[in-house]
Amino acid sequence: MSDTTEAVLIEADKSAWPLLPGERTWGPWQLGISLATAAAATWCYIIGEYVGYYLNFDEGFFTLLAGSMIGMLIVALAAVPVAIRFGVDSIASSKPQFGSRGWVIPAAMQFVSIVGWNSLLLIFFAKSTRQLLLALGWIGEDSHGYLVQATVLLAAALVFLFLLKGSAGVDRVAKILVAHVFVGLWMLYILLTQRWDDLQAAVPAYASTDARWNYTTGVEIGIVSLLSWWPYIGAMVRMAPSGRKAAAPIMIGMGLPVPLLSAIGIAGILVLQVSDPAEWMRTVGGPVYGVIALLFVAAANLGTAVAGVYSSSIGLRHFPAFQHLHWPTLLLISIAPVGLVGLFIPELFFANFGTFLAFIGLGFAPLCGIQIADYYLLRRGRISVRGLFEGGTGSPYRFWGGFNPASILAMIAGVLTYLYLLNPITYASRSPYEYLTASLPTALVAGVVFALVTVLVVRPAGKGGYE
């Protein structure tokens with residue numbers, strides 16, 4: 001590839017405009033590696049920890065696996081078809097449903113979600129770095145000060161440097177850091193072989209007396225964890241030339257690593273009452289294993305943070321004020337909130353992960369239900385790529401003032417459904433949660449409300465480009 005051609009590709013993937021076929025340079029292996037590197041972060045251990053509160057190891061792993069595959073399928077059905085066909089990101093894929101101005105709703109959700117995940121990851125990175133320095137004897141137990149905050153800023157700076165070349169930076173980081181996925185599986189093997197008897201005898205700390213509720217909660221955690229990939233998926237898969245080459249990498253590369261590595265968290269919380277492998281690997285294998293685990297945690301978090309900042313930066317390109325902004329400036333805007341969280345409220349944010357995870361389902365389950373109903377049932381795959389980027393009165397997705405009331409009403413109905421079924425703060429639930437989860441009915445209700453309002457109001461009014 002010539003230097004001129006490479007420069008053009010780098011500039012293309014720093015914009016939100018549709019990528020041409022010649023600009024989609026990731027084959028199945030590249031896509032799969034990038035998705036796996038992004039998926040396999042330390043959130044897996046925290047996800048596993050929450051499942052381990054309610055289920056033993058075998059039950060927890062298989063319910064989480066089922067939930068993860070369901071969640072990944074929902075996200076793939078919702079955002080991937082448009083992203084793959086036209087080379088666009090997740091935000092662009094939502095414009096036919098939300099309108100030429102209403103897309104700011106999913107854009108805000110994307111930005112907040114990615115900032116939240118990246119804050120969690122980089123705070124975890126900072127904590128692991130401190131543990132690594134302690135293990136190496138370079139600092140003392142009392143050497144805390146502002147080490148966590150300083151390390152978060154250092155990690156944010158590294159992410160910024162990696163992404164200066166756009167998706168090429170994502171690809172290069174993924175090829176290096178993908179090894180951490182296999183290190184994670186090795187750590188799981190160590191824990192299972194050395195503490196298997198303890199693991200089989202372990203009792204979940206907060207298990208309900210209703211076994212169905214425990215199983216359903218394991219599946220629900222898996223679903224909402226993978227729904228959080230909606231903000232990432234479009235910016236990643238648009239680099240692939242076709243859906244046939246993307247289907248397996250999406251389900252295997254992005255869907256499978258989460259339950260596999262979450263098993264580390266399930267096993268850790270059940271046997272050692274801590275999900276972070278950086279802490280329990282020293283207990284199980286000594287200081288050498290502890291150092292390996294700490295390096296693994298650092299690599300895992302950086303890889304996912306790189307993918308997240310890239311996706312949020314592409315999403316910001318849809319705002320007119322950011323369309324022509326220099327790429328480094330846009331990266332700074334995406335990273336700055338993460339730095340602020342790491343500086344001022346790292347412990348508070350880290351302690352409320354469960355609530356943050358539940359709010360993911362609260363927002364992205366109805367969004368996915370709306371997109372699935374619209375693309376497959378109402379439009380039957382007919383999308384105007386020009387309309388995705390036209391904001392004037394001639395846009396087919398102008399609706400009323402740029403907003404589609406069907407999507408707004410459907411989002412409200414979905415959120416209310418979720419809140420009725422499951423309190424995202426206390427995890428108190430109402431029937432039929434124990435049979436259906438909260439996310440699946442939420443997606444269904446949102447899709448049905450969207451379809452009804454569209455058929456009864458939007459389409460008869462000649463709005464939305466429906467035929």
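A residue counts as buried when its relative accessible area is under 20%, as exposed when that area is over 50%, and as partly exposed in between. Keep those cut-offs handy as we walk through this structure, which is a predicted model.

Let's start with Thr437, which sits in the loop between H22 and H23. Its relative accessibility is 5%, which is under 20%, so Thr437 counts as buried. Thr437 also has a positive phi of about 70°, although it is not a glycine.

Arg380 shows a positive phi too, of about 50°, and it is not a glycine either. You'll find Arg380 in the loop between helix H20 (353–378) and H21. Is Arg380 buried or exposed? With a relative accessible area of 61%, which is over 50%, Arg380 is exposed.

One more backbone feature to look for: a cis peptide bond joins Ser431 and Pro432, with omega at about 10°. Pro432 belongs to the loop between H21 and helix H22 (433–436).

**Salt bridges**

How many salt bridges are there? The count comes to two.

| Asp210 | Arg212 | 3.7 Å |

Asp374 and Arg379 are both buried. Asp210, on the other hand, is partly exposed, with a relative accessible area of 26%, and Arg212 is partly exposed as well, at 43%.

Val104, Ile105, Phe403, Ile408, Leu409, Ile412, Leu416 and Leu419 make a nonpolar surface patch of about 610 Å². Two elements give two or more residues to this patch: helix H7 (104–135) and helix H21 (405–421). Which of them gives the most? That's H21, with five residues.

Leu409 is one of the patch residues, and its place is in helix H21. Leu409 has a relative accessibility of 43%, so it counts as partly exposed. There's a handy rule to recall when you look along a helix like this. An α-helix has 3.6 residues a turn, so residues three or four places apart point the same way.

**Helices, covered and paired**

Helix H13 (residues 230–237) is mostly covered, with eight of its eight residues buried. The buried residues are Trp230, Pro231, Tyr232, Ile233, Gly234, Ala235, Met236 and Val237.

Then there's a pair of helices to compare. Helix H14 (residues 247–255) and helix H15 (residues 257–271) pack with their axes 5 Å apart, at an angle of about 10°. Angles under 35 degrees count as roughly parallel, so that is how H14 and H15 lie relative to each other. On the H14 side, the contact is made by Ile252, Gly253, Met254 and Gly255, while H15 brings Pro257, Val258 and Pro259.

**Two exposed residues and some distances**

Val112 lies in helix H7 and is exposed, with a relative accessible area of 56%.

Leu456 is in helix H23 (residues 439–458). Its relative accessibility of 64% means that Leu456 counts as exposed. The C-alpha atoms of Leu456 and Phe322 are separated by 37 Å, and these two residues are 134 residues apart along the chain.

Terms used:
Residues are numbered from 1 along each chain as its sequence is written. This is a predicted model: local features need pLDDT of at least 70, side-chain atom pairs count only at pLDDT 80 or more; totals for chains, interfaces and linings use all residues. Side-chain values use heavy atoms; hydrogens and water are left out. Patches are made of residues with over 30% relative accessible area and no salt bridge: like charges are joined within 9 Å, nonpolar side chains (Val, Leu, Ile, Met, Phe, Trp, Tyr) within 5 Å. Accessible areas come from the Shrake-Rupley method with a 1.4 Å probe; for residues, only the protein chains shown count as cover. A salt bridge is a side-chain nitrogen of Lys or Arg within 4 Å of a carboxyl oxygen of Asp or Glu. Helices (H or I, at least four residues) and strands (E, at least two) are DSSP runs, numbered from the N terminus. Buried means under 20% relative accessible area, exposed over 50%, partly exposed in between (1.4 Å probe, protein chains only). Axes are lines fitted to C-alpha atoms, for helices over the stretch in contact, and angles run from 0 to 180 degrees between N-to-C directions. Angles under 35 degrees count as roughly parallel, over 145 as roughly antiparallel, 65 to 115 as roughly perpendicular and the rest as oblique. Contact means heavy atoms within 4.5 Å.
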